[in-house]
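Subject: Structure for you to look at

Hello,

I am passing on a structure that you have not worked with before. Please open it alongside this message; my notes follow below it.

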Amino acid sequence: MHIDLLITNTTILPFPDTEQVIAKGFVAITGTLISTVGPMSACPPTADATVISGAGQLVMPGLVNGHCHAPMTLFRGLADDLDLHTWLQTHIFPAEARQVNPEMVYWCSKLAAAEMLLSGTTTVADGYFLEDEVARACVETGIRCVAAQAVLDFPAPGVPDPAQNIKVAARFLEHWQGRDPLITPGIFAHSAYTCSNTTLQQAKELTRYHQAPLFIHVAETRDEGRHIAEPQASTPIGHLQALHLLDPDTICVHCTWATDSDLVDLTAHGCAVVTCPQSNAKLASGRMPLSAMLQQRVRLALGTDSAASNNSLDIFREMDFAAKVHKVTPCDPAAAPAGTLLHMATAGGAEALGLQNGHGTLAPGAPADLILLDLQQPHTQPFHGPRLLVYSQAGSSVRTVIVNGRIVVYDRQLRTIDLDATCDRVRTLAAG
């Protein structure tokens, strides 16, 4: 068996939603796929492979960020301690009108991709304007991306005439489908209150034709329904159902105010839901009914949302917060188990985004997207088991990152782009 990359003498967590750990093992990679995982006693001999010693480290699948607006790193810290409506209308929308252009989207997406890779995220679902530039930045930086072109019924960067929004989205899908192994294209319909019923239906028709995912913000705030121009039901999720938008390729983001009947609709149609707990908490939008969704077996992923509303893109940080905040109101320490959050941030998140073939695990034949974590730091001692990854780990513990069989971070150094130059360019854009 030919092996291109071999990680040896390491602790391995092949399936993050289990407690099963290989205490001293190896991971073999051939091309872009994981070929073998096992104990060191079964490690195959190899003369040609690149060998990485994983001593004192843990290997696990790379993390999946189920919802992000990568270019908005430019607006990190621009406006804080505000409700969503004020934050958007008074600060973010005006800033976007002034500053969003292809150069800004490209460089700020490179910064976001770098931040995510350095904190262990190997796959991100992104939705924004000028998404071609996001996809290009992700390919260059080396992160896997489900990239979704934004659609809304207002003049937007790259689409000054809203009547052209579906045509622009169609060109994006046609351009990126099958073009690069790191990019899966989709459409991001911003919300039911920024998209007409016709636009929503046309966006869904387009994604169905291309067998692509449709992302949409929905039920994010308590009064969202009041802002929908032509509501077709009593709740925003019911509105999407009435428009026949719900199916397994629809990814509903936030669902903070999803009702019991909404959960029935989401489950019946096999929709995926992405929760962004820190963004929802910071904007005081509310808290998604995670326990009820788990009981209904809704397909779930974990996201950061943007660096402007979080303000971090670290999924380890997100897992810790999510696991804890969902225990408080029911006073139930088992309401959001660590294993559940690890699953949502790896294999569960990948499945919610439509990524198959073992994505988010270290199973043979799965995409070789994995990370090595330093277990020698004070906050990781002693390592009693995988729960520590949720409650004690941090993105700063990530030492090495491999995406699609390629080493993109090694010993905390990003190998794909000039990070200092990227940060300098973003600072210049922010000052201008």
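This is a predicted model. The count of salt bridges in it comes to 15. In one of them, Glu19 pairs with Arg387, and the closest N and O atoms are 3.3 Å apart.

Tyr128 has Gln149, in E8, as its bridge partner.

Then the helices. Two packed helices are described by the angle between their axes and the distance between the axes.

Helix H2 (residues 102-118) packs with helix H3 (residues 131-141) at an angle of about 40°, and their axes are 8 Å apart. H2 is therefore oblique to H3. Their crossing is right-handed. From H2, the contact takes in Pro102, Val105, Tyr106, Ser109, Lys110, Ala113, Ala114 and Leu117; from H3 come Glu133, Val134, Arg136, Ala137, Glu140 and Thr141. Sorted by class, the residues of this contact are 8 nonpolar, 2 polar and 4 charged.

H2 also meets helix H14 (residues 419-431), with axes that come within 9 Å and cross at roughly 135°. H2 and H14 are therefore oblique to each other. In this case the crossing of H2 and H14 is left-handed. On the H2 side the residues are Glu103, Met104, Trp107, Cys108, Lys110, Leu111, Ala114 and Leu118, and on the H14 side they are Leu419, Thr422, Cys423, Arg425, Val426 and Leu429. The contact of H2 with H14 divides into 10 nonpolar, 1 polar and 3 charged residues. Lys110 and Ala114 of H2 are listed in the contact with H3 and also in the contact with H14.

H3 packs in turn with helix H4 (residues 165-176), at an angle of about 25° and with the axes 10 Å apart. That makes H3 roughly parallel to H4, because angles under 35 degrees count as such. Here Glu131, Asp132, Ala135, Arg136 and Val139 of H3 meet Phe172, His175 and Trp176 of H4. By class, there are 4 nonpolar, 1 polar and 3 charged residues in the contact of H3 with H4. Arg136 of H3 is named in this contact and in the one with H2.

Last, some points about the backbone, each located in a loop:

- Asn310 and Asn311 are joined by a cis peptide bond, with omega about 15°. Asn311 lies in the loop between E13 and helix H10 (315-328).
- From Gln381 to Pro382 the peptide bond is cis, and omega is near -15°. Pro382 lies in the loop between strand E14 (370-374) and H13.
- Gln211 has a phi near 50°, which is a positive value in a residue other than glycine. Gln211 lies in the loop between helix H5 (197-210) and strand E10 (214-218).

Regards

Definitions and conventions. Residues are numbered from 1 along each chain as its sequence is written. This is a predicted model: local features need pLDDT of at least 70, side-chain atom pairs count only at pLDDT 80 or more; totals for chains, interfaces and linings use all residues. Side-chain values use heavy atoms; hydrogens and water are left out. Two strands pair if DSSP finds at least two bridges between them. Helices (H or I, at least four residues) and strands (E, at least two) are DSSP runs, numbered from the N terminus. Axes are lines fitted to C-alpha atoms, for helices over the stretch in contact, and angles run from 0 to 180 degrees between N-to-C directions. Angles under 35 degrees count as roughly parallel, over 145 as roughly antiparallel, 65 to 115 as roughly perpendicular and the rest as oblique. A crossing is left-handed if the near helix is turned anticlockwise from the far one by less than a right angle, and right-handed if clockwise. Contact means heavy atoms within 4.5 Å. Ala, Val, Leu, Ile, Met, Phe, Trp, Tyr, Cys and Pro count as nonpolar, Asp, Glu, Lys and Arg as charged, and the others, Gly among them, as polar. A salt bridge is a side-chain nitrogen of Lys or Arg within 4 Å of a carboxyl oxygen of Asp or Glu.
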